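Colleague: I would like to learn how to read a model of this kind, feature by feature. Please give the general idea each time, and then the case at hand.

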Amino acid sequence: VGRHIMLNSNRRTDAVMLEALIAVDGTKNILSPKLCKGLLKHKLKSGGWGSTQENCWVLVALVRYFHEFEKHVPDFKISLWYGALFGGKQDWKGRSTETKQALVPMRAVQALGDNNFMIHKEGKGRLYYRIGLSYAPKALRLSAANYGFNVSRTYASAGDDDKENVVFDAKEQAWRVKLGERVKVTVTMITTAKRFHVALVDFLPAGLEPLNPALKGSPKGDENDSASGGDPFRPCSWGHYNPYTFRCYSRHYWPEHINLRDERAEAFRSLLWPGIYEFTYTARATTEGTFVVPPAKAEEMYSPEIFGRSASEKFAVVKA
């Protein structure tokens, strides 16, 4: 009660807490960088935050953070080591948004077996780094994985079409679709934490082609598809209740932007609250054959280690 009178908000509270932690603990408290990162990720596309009050408190806190954590102008050298393997050396002088990358082949890492990965820094300044691994699986059949997102996918007949047009063959563990028929694709994504800059990508089997309602002359898909419309910024319009945050939200029309391409369908959202979300679109079976369907994948685009994928599947398009 009275929250609106006090001009209070979650971002303002975070900013006050950040400034207080810095005043008490300086750079020692591990929560300070996390609060700073959260404030920056909540910045709107317009460049500010939700109100003048939020802008003022957040900027004051960020300036305090900068003067405490970035008080030394970077002037250092870093060296990378994996056991006895030297991965490279780089110099940093002055403030810059530039990023530098060092690539170490997996074959060299595997030859040394289990070892410690070391980053050695000499000099003053704060170092920001990320260690990532790029790989390709050997097997075509992949199981589902949950590293922040739970993702699953189903296929069904679109609209009032015959339900027998799309069936799952339990014996063959494969989806079977009649050639020329419409297929409704439903990708379900669950997250139990707040996520930023989320991309959900569903790869189509080679025998399907998406129906894009934005293109004139394109065959119509299901009227309830995510791509058919709906305002993602008016979540209470559809009456869904979020079991994780106890707030109304849009389960179907959550994407801010959608791409329907030849081989994949993409949905994007800059800020995604915890909840259960569905991304639906319609495709048509255009090519006869048996195909392997890559997993659908959800990830934070700027923190790709937070991701999830569905299992890969077998998909057959057969003559009616």
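**Reading the model**

Modeller: Start with contacts, meaning heavy atoms within 4.5 Å. Of the contacts in the protein chain with a separation of 6 or more, 70% are between residues 24 or more positions apart. Note that this is a predicted model, in which local features need pLDDT of at least 70 and side-chain atom pairs count only at pLDDT 80 or more, while totals for chains, interfaces and linings use all residues. Residues are numbered from 1 along each chain as its sequence is written, and side-chain values use heavy atoms, with hydrogens and water left out.

Colleague: How many helices and strands does the protein chain have?

Modeller: Helices (H or I, at least four residues) and strands (E, at least two) are DSSP runs, numbered from the N terminus. Here there are four helices and 19 strands.

Colleague: What share of the residues in the protein chain is buried?

Modeller: Buried means under 20% relative accessible area, exposed means over 50%, and partly exposed is in between (1.4 Å probe, protein chains only). In this chain of 320 residues, 36% are buried. The accessible surface, by the Shrake-Rupley method with a 1.4 Å probe and, for residues, only the protein chains shown as cover, is about 19300 Å². Carbon and sulfur atoms hold 55% of that surface.

Colleague: Which residues have the most contacts inside the largest nonpolar core?

Modeller: In soluble globular proteins, nonpolar side chains tend to be buried together. A nonpolar core is a set of buried Ala, Val, Leu, Ile, Met, Phe, Trp, Tyr and Cys residues joined through side-chain atoms within 4.5 Å. The largest one has 31 residues, and those with the most contacts inside it are Phe149, Tyr155, Met189, Leu200, Leu208, Trp254 and Phe315. Elements giving two or more residues to this core include S5 (150–157), S8 (182–191), S9 (195–203) and S19 (313–318). The largest share, five residues, is from S15. Take Leu200 as an example: beyond its neighbours within four places in sequence, its contacts include Val151, Met189, Trp254 and Phe279. Another core, of 13 residues, lies apart from the largest one, with Leu18, Leu21, Leu35 and Trp49 among its members.

Colleague: Which residues of H2 are buried, and what covers them?

Modeller: Ser32, Leu35, Cys36, Leu39 and Lys41 are the buried ones in H2. Their cover includes H1, H3, S9, S17 (297–300) and S18 (303–309).

Colleague: Is His42 buried or exposed?

Modeller: His42 counts as buried, at 10% relative accessibility. It lies in the loop between H2 (31–41) and H3 (52–69). Its side chain reaches the backbone oxygen of Gly38 at 2.9 Å. Not counting residues up to four places away in sequence, His42 touches Arg11, Trp49, Lys194, Phe196 and Leu271.

Colleague: And Ser134, buried or exposed?

Modeller: Ser134 is exposed, with 73% relative accessibility. This residue lies in the loop between S3 and S4 (145–147). Its C-alpha atom is separated by 9.0 Å from that of Met106, which is 28 residues apart along the chain.

Colleague: Which residues form a nonpolar patch on the surface?

Modeller: Patches are made of residues with over 30% relative accessible area and no salt bridge; like charges are joined within 9 Å, nonpolar side chains (Val, Leu, Ile, Met, Phe, Trp, Tyr) within 5 Å. Phe117, Ile119, Tyr129 and Ile131 form such a patch, with about 410 Å² of accessible area together. Ile119 lies in S3 (residues 117–124) and is partly exposed, at a relative accessible area of 30%.

Colleague: How many salt bridges are found in the whole structure?

Modeller: A salt bridge is a side-chain nitrogen of Lys or Arg within 4 Å of a carboxyl oxygen of Asp or Glu. The search finds 15. One of them joins Glu19 and Arg64, with the closest N and O atoms 3.9 Å apart. Glu19 is in H1 (residues 10–25) and Arg64 in H3, so this pair ties together parts 45 residues apart in sequence.

Colleague: What does the salt bridge of Arg153 and Glu313 tie together?

Modeller: Their side chains meet at 3.1 Å, N to O. Arg153 lies in S5 and Glu313 in S19, so the pair ties together parts that are 160 residues apart in sequence. Both residues are buried. Elsewhere, Arg261, Glu263, Arg264 and Glu266 are linked in a network of salt bridges.

Methods:
A polar contact is a pair of N or O atoms within 3.5 Å; within protein, one must be able to donate a hydrogen and the other to accept it, and residues adjacent in sequence count only if both atoms are side-chain atoms.
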